[in-house]
Amino acid sequence: MSTKFFINNEDQILRDTGLRVTKQRLAIVRVLFEAEDHPDAEQVLARARERDASVSQATTYRTLAALAEKGVLQTHTFDGGVTRYEVSNRPHHDHLIDIETGDVMEFVSEEIERLQRRVAAEHGYEIVAHRLELYCRKAS
Ligand SMILES: [Zn+2]
């Protein structure tokens, strides 16, 4: 996975973001790069505290904001409410959100990718980035 590239460079990520390297911030960055879901700040805090009990809420929020501003993290507000975080260097994918459980699933559809490129091209554009979120309920 492409996260491997970064996984031993947590301190560099912090320095590049203009943050002082502390063991608390390193714990936060490790949590983010290991996450296979889309945790919100409270979840990041809880997981970081499992690694280092001295991680504070303020440090977590400030670190997340700085990493997001620098583009290391992508933010999502799937449910229109709480901000969720995901590292930016993962392979492109779209999200399917179960509106009843809040579960977030990732998917890639070559057909959708092609269709989007075609729509952009028909308007004389090429796609630089896109986000697609499907809000779903289990079909009965
Ligand atoms: Zn995702």
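Me: Which residue has its backbone nitrogen 2.8 Å from a polar atom of the side chain of aspartate 98?
Reply: This is a predicted model, in which local features need pLDDT of at least 70 and side-chain atom pairs count only at pLDDT 80 or more, while totals for chains, interfaces and linings use all residues. Residues are numbered from 1 along each chain as its sequence is written, and side-chain values use heavy atoms, without hydrogens and water. Aspartate 98 is found in strand 3 (residues 94-98), strands being DSSP runs of E of at least two residues, numbered from the N terminus. The backbone nitrogen that lies 2.8 Å from a polar atom of its side chain belongs to glutamate 100.

Me: How far away from buried aspartate 98 is the nearest side chain of opposite charge?
Reply: Aspartate 98 is buried, that is, under 20% relative accessible area with a 1.4 Å probe and protein chains only. Aspartate 98 has no salt bridge, a term that requires a side-chain nitrogen of Lys or Arg within 4 Å of a carboxyl oxygen of Asp or Glu. The nearest side chain of opposite charge is that of lysine 138, and the distance is 4.9 Å.

Me: What area do domain 1 and domain 2 bury between them?
Reply: The domain assignment, automatic or from a database, gives domain 1 (4-87) and domain 2 (94-136), and their C-alpha centres lie 25 Å apart. Across their interface the rule finds zero salt bridges. Buried area is the accessible area (1.4 Å probe) that two parts lose on being put together, summed over both. Here 48% of it is on carbon and sulfur atoms, and the total is about 620 Å².

Conventions: Helix = DSSP H or I, 4+ residues; strand = E, 2+ residues; numbered from the N terminus. Buried < 20%, exposed > 50% of the residue type's maximum accessible area, 1.4 Å probe, protein only. Lys, Arg positive; Asp, Glu negative; His and termini not counted. Polar contact = N/O pair within 3.5 Å; in protein donor to acceptor, adjacent residues only side chain to side chain.
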